Amino acid sequence: MSARIIAGQECRDLWLSGRGPVLTFAYAVLLSAVTYLAATNQILNFLEQRESVNLVLQIAVAVGVLLTLVVAADAISGERERGTLESLLLTPVSRGSIVLGKLVAAMSLWGMVFVVAVPYLWVLGKGVAVVGEALLLGLVVGTLLALSMAAIGLLISARSSTNKVSLAASLFLLLALFAPTQLPAMPTSSVGDLLVRINPVTAGMHYIGLVLLKGHTWTQDLSYLISPVVTVVATAVALVVLGPRIVRLTGGVGSG
Amino acid sequence: MPGVTLEVRELSKWFGSRTAVDSVSFTVHEGEVVGLLGPNGAGKTTTIRMLSTVLTPTGGDFAVAGVPSSRPADIRARIGVLPESAGYPLHQTGLEYLMYHGRLFGLARDEARQTAVRLLGQVGLADRAQTRIATYSRGMRQRLGIARALVNNPSVVFLDEPTLGLDPAGQREILTLVRTIAEARGTTVVVSTHTLPEVEQACSSVLIMNRGKVVVSGSVAEVTNAEAAGRQSGHLRVPPDQVARASEVLQRVPGVSVEVSKDVVTVTSADGMNTVLSAVLDAGITLLSFEVDGARLSDAFLAMTRGGSS
């Protein structure tokens, strides 16, 4: 009940105070530009329709994960700096409910990012029977990745001494996780394949590519989803166990 | 005698090797308004944060409204707190802010709205209920914070520096509000502040802390008199045409030395002030005012916190 009240207020703060709509608008502009280029540009339109759908879906998942992580990274350390966390800690609401409420609010941003991507995917995938599958894939893999990043963002936010530290650490982590997706043909060697599999972001993105581009069935490469699932479970357990102890008035290691 | 609403036993807090609060013990009764005084770094805020369960004590225990410190959530349900330098969600309106906190304390939506509207009226913000907090002045935000501290109808209210950064009129306004809360609701109020003259008026008792310890506690009169007891000098103000006669009369009293400056006669006596006052009144001199050195709370505060960090 308390978590629902906090989630409701956090969502109102996110979506009515301007931050959520502004981020979503910027993302929609980016998606529009990519979709337009993929569909019309002479250099880019060599992409086969499936590849265009895959490209836009991967961008949607990447941006969704990024925004979710950024909002989560600000959720506790930001409130601490703005002086509003103490008022929240002074209510009888449990620390677990506070964390859950903030997690739901952060995830609402991923939900909006996904919804915004739907018409773009529909336009690009028109004529080939791939839109439904792409949407379902994006929903499953994107939710797994966004959930794990939101949980990691909250853990970092709770532990950080300042909001700047929290945002910097979260963005560095995201960069480290996404960097391998830019390397060419990573899974061609056994070491490369291992690196792709243990990184939840590269594993999830690779799985999307295998299903959408190579036409694999959902169950054929399911092992690529092990690390995203394990990350979600591990971060959720960490939040449940550590949340009540690390959501406190002062951040940083060894603080009172 | 009203019941005890706050009982603190040997409460301590260490931050690493630094002692913030050192074995503090005191009791506060129902309806009492306690001024928690002390220089910066005395441990006032840490004490309030421990009593409001935001910080975990290193040692000792306490009970609020009969609820032991081992049940922090139950304590939080019975207290209201205005934290030092409290922040506010600037995009929310005062009404939204109070309703949100009312709901976190378990009120239904309608009940939370009614409570918020009532409290905004009580703190003088009824006409600004639908305005964003960003447009509130500092004094208005403090009043909103006090309203938030009352949203759960608490047994004990902790106000940490409620007058910080306010002009004298704003300080008086807040302390009047504090007194009203205590009188109208019978709520125990613990207020940490530096505005000592107002504390003398608003508080029924004071507790002075220095370097993490309680150095003195009691009613305002007890604390003030304890400091004034050893003092032997005072200032008499008499009409200008009677200054010379007052000086003459007092110089005849054994053990009294006299200094005159304009219409104020400063006397020092080895036997206290009774003989001085008797001599002046017996001589038929009109006494306009009389003040004993050290008879104000601020003097007691300064004497007892000498060597403190401020």
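## A strand pair to start from

In chain B, strands β12(B) and β13(B), the latter covering residues 264-269, run antiparallel and are joined by six bridges. Strands here are DSSP runs of E with at least two residues, helices are runs of H or I with at least four, and both are numbered from the N terminus; two strands pair if DSSP finds at least two bridges between them. Within this pair, S261(B) sits opposite V264(B) of β13(B).

This is a predicted model, in which local features need pLDDT of at least 70, side-chain atom pairs count only at pLDDT 80 or more, and totals for chains, interfaces and linings use all residues. Residues are numbered from 1 along each chain as its sequence is written, while chains are lettered from A and ligands numbered from 1 in the order in which they are written.

## The sheet around it

The pair belongs to an open, antiparallel sheet of four strands in chain B, ordered β12-β13-β11-β14. At its edges lie β12 (256-261) and β14 (289-292) of chain B, each pairing on one side only.

## Helices on the sheet

Helix α9 (residues 243-251) of chain B packs on this sheet and touches β11 (233-237), β12 and β13 of chain B. Contact means C-beta atoms, placed from the backbone, within 7 Å. The direction of α9(B) makes about 165° with that of β12(B); axes are lines fitted to C-alpha atoms, for helices over the stretch in contact, and angles run from 0 to 180 degrees between N-to-C directions.

Helix α10 (residues 274-282) of chain B lies across β11, β12, β13 and β14 of chain B, at about 135° to β13(B).

## The whole chain

Chain B has eleven helices and 14 strands in total.

Key. Contact = placed C-beta atoms within 7 Å.
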